[in-house]
Each structure stands twice: as structure tokens, then as C-alpha cells.
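Trainee: I would like to learn how to read strands and helices in a model such as this one. Please show it to me.

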Amino acid sequence: MNRLLTLSFFLFLCLLCYPNIIPVKNIEELNNANKNAKPGDTIILQNGEWKNVTISLDCIGSKEKPVVIKAQTPGKVLITGNSKLKIGGQYINVDGLFFGNGYAGKDAVITFRTDSKHLASDCRVTNTVINDFNNLKRMDENNWVAFFGKNNRLDHCSFIDKKNLGVLLAVLLDDDRSRQNFHSIDHNYFGRRLPLASNGGEMIRVGLSQHCQFNSNTSISNNFFEDCDGEAEVISIKSCANEVKGNIFKKCQGSVVLRHGDNNIVANNYFLGNDKPGTGGVRVINKGQVVNNNIFYKCRGVDFRSPLVIMNGVPNSPPTRYVQVINAEIANNTFYECSPISLCEGSDAERTLPPDNVNFSNNVFYNSGDSTIYNVYDDIKGIHFTSNKVSDKISQPLPDGFAKTVLPSSVSNIPIAEKQVYTSSGANWFKKYAVFNNKNPIFINCLTTDEIYKQLERNEEVVIQLTGKEYKINKPLFISKTVQFKSDRKSSIKFETENMLSVFILSGKGNLTLNSINIDGMNVKTTHFISSDSNGHSEHYNLTINNCSFQNFSKKNGCQNIFYAFKYMIADSITLNNNSFINNNCNFFLMNDEKEDKGYYNAERIFIGHNNFSSQTGTLLNIYRGGSDESTLGPNLTFSHNKLMNCNDADPLITLTGVQVSNIFSNNFSNCNRSSILIFYKDLVRARHAFERNTLTNSGKIEKNVFVVEKSNTIK
């Protein structure tokens, strides 16, 4: 008996001395465990789906004994639906959660505060994944991670496929409780972010314009960024005294931008462009910035996305505009097979102050393909060049401070550094890139419209062979997966419709291909033959029309446009190749619904090539990207090898407003808009337009601006 009493007492002492392990299986049990948690306790979330939950943690641990909230098995606790995590306590560690198949609404997915009064301090989120956890509409803005408080850490987490508007990770400096915060963002994997076609697509932003004169003291280190193409700024620094060190930026169409704030350091990073267009490096603005010991490898961005950009400033600039670059240090960096860097970038009527007292020293430029290493847009006497080395093959005349010499033709340490950061970043249980099972599509012959509707309802990708001659459409064909319609093009196919929005509506994840179809639009009464979804889905879409014929579409019957892009939804690509458009009395392609003038647009890449347009009445192409925003790369238009005959409209046949890049070449225009404008270019910010090797016969004029470069055109 005495032995039993002694053993029981010993076990009781053990329970007092050792922390609790508390399993919970639902949100109610978790809330209760959080309320009663003591330093050193471990709360274990049971594997399974946790749907529509707000996990709010405000318990208090200690430095030696944090409160740990962890998944039973990392990756097996699935946070889905309308869910979020809020941390407002002290010394809390969250480990192993998986956010997927859901959204967080206006809130961040992970917030380091429970409310405005209760901020996190000395807390950590680790080994956690947020994957494609997007609001349903593209313009419904939110963050995935919002930092408040002080001394918080985010490490070994993975973030992939953010598609709606909003910075992925924001460090907020609302008041003194969140300034000089010494947060650490380290060893994370930031994966694919498709072009947002808008400002607000950064991966990380530290501070806001209105707080840019405060020190944040945030460290961003040893992270791996891959295919982060949301906008021009992969990391946007808008505060002082931050460090960006030891990161890998692989094939990212953007840069680390020291946008506002002073005395920031960008050092020991690798910018691996790998010849991908638009890949940048570092953009320098403001005072006391340091850019040292970085490797820039085959970065091919231009202008604001150049491998290195030193901006011009605005006289008497407020902190929130463009403060002159002063007292910067750019040293010991290596540029390997990169496009030219840009000095005094952005020089215009407002940005008239060139950089001053910039130490530019001991940098190395190896290049075997370009003739220049930098472009200059203003006076560079304030940049002091010393001991820089340049490949002897560079033909550009260079000032003192550059020595042309034979340089090593490789950077041997890149594979080692890339592998080291890659393997040590992100959640160890999650594949950094999902492996897509490219299943073969199902081939189906469809004689009737009902058969088409049936095939669109199934989950599998389908190729629909149109075997009928006429299809009566009484409701739109919604495309939310990969679908190809095809025919033999030997005989025409008629679509007969009611008065409704569209025949084809491209919804989120829609990938529509029309192939070898001879379409007679005489009985099409829909407003648009093809349109994007008017709901502004956050998922992207693609459209391909190949080897088809469109004829007899008419506004008189109700069809206004062959294609119409509604605002707020974006296509990754639109491709029209080897088609014929004959005798249509309607507009061809309209992408001009984005009228807020905030830099929004509807398609990243547009290719229209090898098509015949004959006897068209109506606008051929109208693309709109309004406003003066400079953060996006698109739209990018290629219009080539097309033949246009007797195409006319009261408005310009082609209108390009704010299109960032256009290449119109090797086209033949005959009797098109003879007494009006053939092509109208309008730009508020710098653009790149090439108009080359085109033939214009009895056709209208080109209304161009300073950004249009003409070459080898023939006008008859």
C-alpha cells in the first residue's frame, strides 16, 4: 500500500513538473485549451479537415517554455473554407498547418494579432503551408500573412499561387507597438505568383508609404523566391533599417525595390534570371541604401526591371514620392550575362534630381552578348565609379573607374548556393511545386447541344468534335476547365441563340480552344460570341482560336462583339492564329472595360498572327490599361503577318491605351479606315511599341507618340 501511495505521489509531482500535452479535435476544444494553456504546454490538433474556423490564440508562454500549437501530423491538419489564424499572445509557436481549398475574406490568412489591442510578440509560425487559398474574386483584396507586434518569426513555410489582389506578406507599422519590430522572415519558400495585371502583387512589403520614415528592423533572409511574377516589386521596402540577405530569387519578373525609407541593406542574394524576360534585381531610391555582394545571373529585365536601377528623384519630394538617391553604396556585386543596368532611371519632368554621392565600386560585369553594361538617362557625375571590372568584349565607352579585362566565363558557386537555400526553405513535408498529372483528355463526338452541356459538366478535360451542322444555344457554355471544340472545317456550323450574354463564357481555370471550325454567326443573337466571366474570378483563363473561320456576325441581329473581356478578370494568354474573319458587322476583340485608371488590364499576353480580316465593320482591337501605374509588365501584344482588307470603323480600327509592349509587324492593310485613324496609340507612362515592315495601301493614318518606333514600313 505504501509503495502505491509513493508511486501515485511521484506521478502527481511529474504532472506538476512537466508541461501538458493536450489533444484537441475541434475548434471548441482548441479555444478551451488556449484559454487554459500554461507555459510549456503543447496543444495538438487532430488530423482531418478543420473547416470555416477562426483559430484565435492569446495564451502566454515564456522564452524557455513557449506554448506550442501543432498538427498531429504536419500537413494532415487541413484548414479549409472561410478560415484564418490569429495570434495575439506571447511566446506561441504554431507548427505544421495546411491552408488549402478555402479563403480568408478581407482578413489575412495568418495575422500576428487577435485584434487592434492584442498584438503578438515573440511568436513563431513554422512548417506551415498556404496553397492557392484565394478569395473568389480577383479584386477582393487581402494578405496571406500580416505582421504586427515585435520579435515575431515566420520560418520554413511555403506559399504558392496567390491570385487575388493584395501583398502576400505585409509587415505593418501602425504604431510604436509594431515599429523597430525585429521580425524575422527566414527559410521560407515563396512559389509561383502569376502576373496580377495590377499593382498590389508583391510577395513581401515592409511598411507603408505613410510609415516610411520609421525603422522596422525586419530581417528577410535565406528564403527561396521562384516565379514570383505578380508585379514589378517582388519585395517592396517602405520603411527604414531593414535587411534583405542570403535569399535566392529564381526567374522572378520583378525586383527588390527600396521604394521608401532609408538605410536598408540588400546583400549576399542571388538573382537568377536564367534569361527569362522581365527578370530584375534591385531598384534603389532614397538615402543611405547599401547593395553589396549580390550575384545577378542572366537577368534580362529592362527599364524599372533592369538588374540594377538607380532612380532619379523629385525636388523637395515628400517621403511618399521619389526621394533623391543620396549616400548609397553599390559594391562587390557580380553581373553575369545581364541586360544593362539603369542609371538615373525614371528621369522626366518631375523626377529631375540625379543620384548624388553614390559609391559604385568593385563590381564585376561579365557579358559576351550585349554591347553595353548600363543605360544613362541623366547626369551621373554624382556616381563615383572605382575599381569596377568589365568584359573586354563590351564596346561601350566607359568612364574612369571601369577597367576592361578578361573575366571568368562562369559563376561556379551558383548551383551550390541555389541547392542549399532551396533544400532548407519551406515546409519539409510539402512539395514546392505541385506535380501535375497530365491526363489525356476524353474525345467525344457531339451531335446536339444537350450532348455539349453534358460534357461540360464532367470533371475531365474534353475534346468535343462537333458533328452536327446547327446548334441551338439556350444558355451559355461555361468553360471552367480545359475544353477544345473542333471540326473538319469542310462545312459551316451554325449557332442559333437566344438574346443572352454570350455563347461561350470563360470562367476561372477555363482554357478554351476552338480548332478548325467554320462558324456561321448569322443567327447569333448573344451580345458577345465569347466573353470572360463578368464576376471577376480570381482564377485566370486562356483562349486559343486556331484555323477557324468566322462569318456573318452582325450587330443588327444582336451580336456586338466576337470577344469581350469583362473587367477584373485576367487571361494569361490569348492566341489567334491562322483564322479568317469575313463579312462581320460587329466588333472583333474588345478589352477596354477597365476604366478605373489604376493600371488594371485584361490579358497578359496577346498574340494575333497569320489571320485574314476581310469586309469587317467595327472595331478590330481595343485594349485599355489606364492610369500612370508603373508596376506591371503587360499587356504584351504581338500582331503580325495578318492581312486586312476593307475593314472600317468610325473609331480607330486598333486602339492601344497604356499597352506596355506591342509589336505590330509584317501586316498588310488594304483599304482600311481610309479617311480615319487606322491605329491609335495612347500612353501616360513609358511603353515599348514597334511598328515595322507593314504595308499600308489606301488606309488610314497612324496616331503615334514618342514611344512608337517605326521601321521599314511601306505606305501606298
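Trainee: In what order do the ten strands of the open sheet stand, and is the pairing parallel or antiparallel?

Mentor: Strands of a sheet pair through backbone hydrogen bonds, either parallel or antiparallel. Here the order is β45-β48-β51-β54-β57-β60-β63-β66-β69-β72, with parallel pairing. β45 (470-473) and β72 (714-715) each have a single partner strand, so one side of each lacks a neighbour in the sheet. Strands (E, at least two residues) and helices (H or I, at least four) are DSSP runs numbered from the N terminus; two strands pair if DSSP finds at least two bridges between them.

Mentor: This is a predicted model: local features need pLDDT of at least 70, side-chain atom pairs count only at pLDDT 80 or more, and totals for chains, interfaces and linings use all residues. Residues are numbered from 1 along each chain as its sequence is written, and side-chain values use heavy atoms, without hydrogens and water.

Trainee: Which residue stands opposite Asn 518 in β54?

Mentor: Ser 549 does; β51 (residues 518-520) and β54 (residues 549-551) are parallel, with three bridges.

Trainee: Which residues of helix α2 (residues 27-36) are buried?

Mentor: Buried means under 20% relative accessible area, exposed over 50% (1.4 Å probe, protein chains only). Ile 27, Leu 30, Ala 33 and Asn 34 are buried. Their directions from the helix axis to the C-beta atoms fall within an arc of 120°, so they line one face of α2. Glu 28 and Lys 35, on the other side, are exposed.

Trainee: Which strands do the buried residues of α2 pack against?

Mentor: They pack against β1 (21-24), β2 (42-45), β3 (48-51) and β4 (54-57), where contact means heavy atoms within 4.5 Å.
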